[in-house]
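Please keep the sequence and the 3D view open as you read.

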Amino acid sequence: MRAVLMVITLLAYGIMPPVPARAATIAWTVCPEDAKVQCGELKVPADWAKPAGPTITLTMARRPATDPAHRIGVLLVNPGGPGGSAYDFTIGATGFFGEELRKRFDIVGVDPRGVGRSAPVLCSRDLLDAKPSPLVETEQQYAAMVTFNRKLAADCAARTGAHFGHVDTGSVVRDFDSVRAALGEQKINFYGASYGTLIGLQYAERYPSRLRGLVLDSVMDHSADLDTFLTRETDAAQNAFGEFVKWCDSNKRCVLRGQDLLKLWASAMVKARAGQMRNPYDPSLKLSLSDLLTAAFTAFYEPQWYSFAYYLRDATAPVAAKRRRAAPPAADLVDYSFSPVICEDWNLRVSGFPALQWRMRTLAARAPQMLVSPLALSALTGCVGWPSPPDNPQAVVTPPPGLGPILLVNSRHDPATAYAWAHNVAAQLGSPTSLLTYDGWGHVAYNKSPCVSGVVDKYLLKLRPVAPGAHCPPENPEPFGVG
């Protein structure tokens, strides 16, 4: 009775205590790709600094736990990129995650803002097709890259909308916590691969009490300054090339076995730089030096040594140019989130061409076969002249109080996320963080080793920390092994 009188009194004076905001809910429907997966949408602010302003729609997929009676909770997943679709990752989760994990967790993949089905960044295809080579070697090429990036940023901003300048990972983290609340979960689990590890790390920093378990597979080190970023990435690419050479020298299935591979590669680099090589898959196209380096780098992800050896053999063989086939009509717009996200998350700016040229020479001396990490170079040159500073630049990880055990996983010979990065992030996080080293090859370790997937699954199911210095032995890359 006293409470009722209090309410009446407050109403009389026009005063009422604030009512807690109700979390938005997600309306689920059956996904067209798989009847066992549910699709949902959630609106969030385009700019979290203006919560009452324009909104965007996040799109997600949920694969419910197959053993709901023993369900543990929600496992949010992200495959990296930036630009990888977590929606698609969830659709294909049966081919990636173990059965026991799928029994006990709802697997939920949310396309981050600006990516895939979540208000994607849209840009002119014709403009992107005219992107200059990232191997900037003259003052004129540097100026052209600056001009291109400014034109691209303006084009994408005009076509994308109010959230174009707010696709940084800090904004994604706030989106994901809105998803957590809309799912009705007090705590979530998170598996992030590659660039998805940055989402997981920053979620842990901002919302430590809302995480039950966190797995970071192939770790981004967001504390790396420009030169550390370039050096570590280039060292990783060069290490991966060295592992390919070792395999080819020792494996009878390598089509180039018995040849001086370093000499062959050096000759190929000279010819590609001079415009004297053709793409072996489409001889109507020239193979530039940037194309050649990227082909190698991409092959090291799995790794696909067997196929790359054939590619290199065919690329260096004399091939007559053929008339180029007409390309089918393309859409006017294309999703492109790489530079818009990278340039919001990283300060990779150089003071001008001389500063870039000096760094390229320094890196080439460290990595005579790869010269530079193609991925790091694309990130750097993609942000040259970008018209706005990063909203979410590099910073040392500061583990907040109450943060539970985190599991980091990295391949020793990862071409894209350097093994040294995982060590550095583990040191920044401190105890009770664990680092599991996969002593093998390739990028993203979970699906390359039963040992790795077993350790990750056990951690997520039981929250058992991994012993310090834990390792998983290398597995022979499919289909033809290393011996």
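Let us begin with Asp227, which counts as partly exposed because its relative accessibility is 34% (buried means under 20% relative accessible area, exposed over 50%, and partly exposed in between, with a 1.4 Å probe and protein chains only). This is a predicted model, in which local features need pLDDT of at least 70 and side-chain atom pairs count only at pLDDT 80 or more, while totals for chains, interfaces and linings use all residues. Residues are numbered from 1 along each chain as its sequence is written, and side-chain values use heavy atoms, leaving out hydrogens and water.

**Salt bridges**

The partner of Asp227 is Arg359, and their side chains meet in a salt bridge at 2.6 Å, N to O (a side-chain nitrogen of Lys or Arg within 4 Å of a carboxyl oxygen of Asp or Glu). This pair links distant parts of the chain, with Asp227 in helix H8 (residues 226-250) and Arg359 in helix H13 (residues 353-366), 132 residues apart. Helices here are DSSP runs of H or I with at least four residues, strands are runs of E with at least two, and both are numbered from the N terminus. Arg359 is buried, with a relative accessible area of 16%.

A second salt bridge joins Asp235 and Arg366, again with 2.6 Å from N to O. Here too distant parts of the chain are linked: Asp235 sits in helix H8 and Arg366 in helix H13, 131 residues apart. Asp235 is partly exposed at 25% relative accessible area, and Arg366 is partly exposed at 42%.

Arg117 lies in the loop between strand E5 (105-110) and strand E6 (122-124), and Glu33 in the loop between strand E1 (29-31) and strand E2 (34-45), so their pairing ties together parts that are 84 residues apart in sequence. Arg117 is partly exposed, with a relative accessible area of 34%, and Glu33 is partly exposed at 40%. Across the whole structure, the search finds 16 salt bridges.

**Disulfides**

Now to the cysteines. A disulfide is a covalent bond between the sulfur atoms of two cysteines; the rule used here asks for a pair of cysteine sulfur atoms within 2.5 Å. By this rule the count comes to 5 disulfides. With bonded cysteines counted along the chain, they follow the pattern 1-2, 3-4, 5-6, 7-8, 9-10. Three of them are listed below.

| Pair | S to S distance | Torsion about the S-S bond |
|---|---|---|
| Cys31 and Cys39 | 1.8 Å | about 120 degrees |
| Cys248 and Cys254 | 1.9 Å | -60 degrees |
| Cys451 and Cys472 | 2.0 Å | about -70 degrees |

The torsion makes the disulfide of Cys31 and Cys39 right-handed. The link of Cys248 and Cys254 is left-handed, and the disulfide of Cys451 and Cys472 is left-handed as well. Cys451 lies in helix H16 (residues 450-462) and Cys472 in strand E14 (residues 471-472), so this pair ties together parts that are 21 residues apart in sequence.

Are these cysteines buried or partly exposed? Cys451 is partly exposed at 28% relative accessibility, whereas Cys472 is buried at 1%. Cys31 is buried, with a relative accessible area of 3%, and Cys39 is buried at 10%. Both Cys248 and Cys254 are buried.
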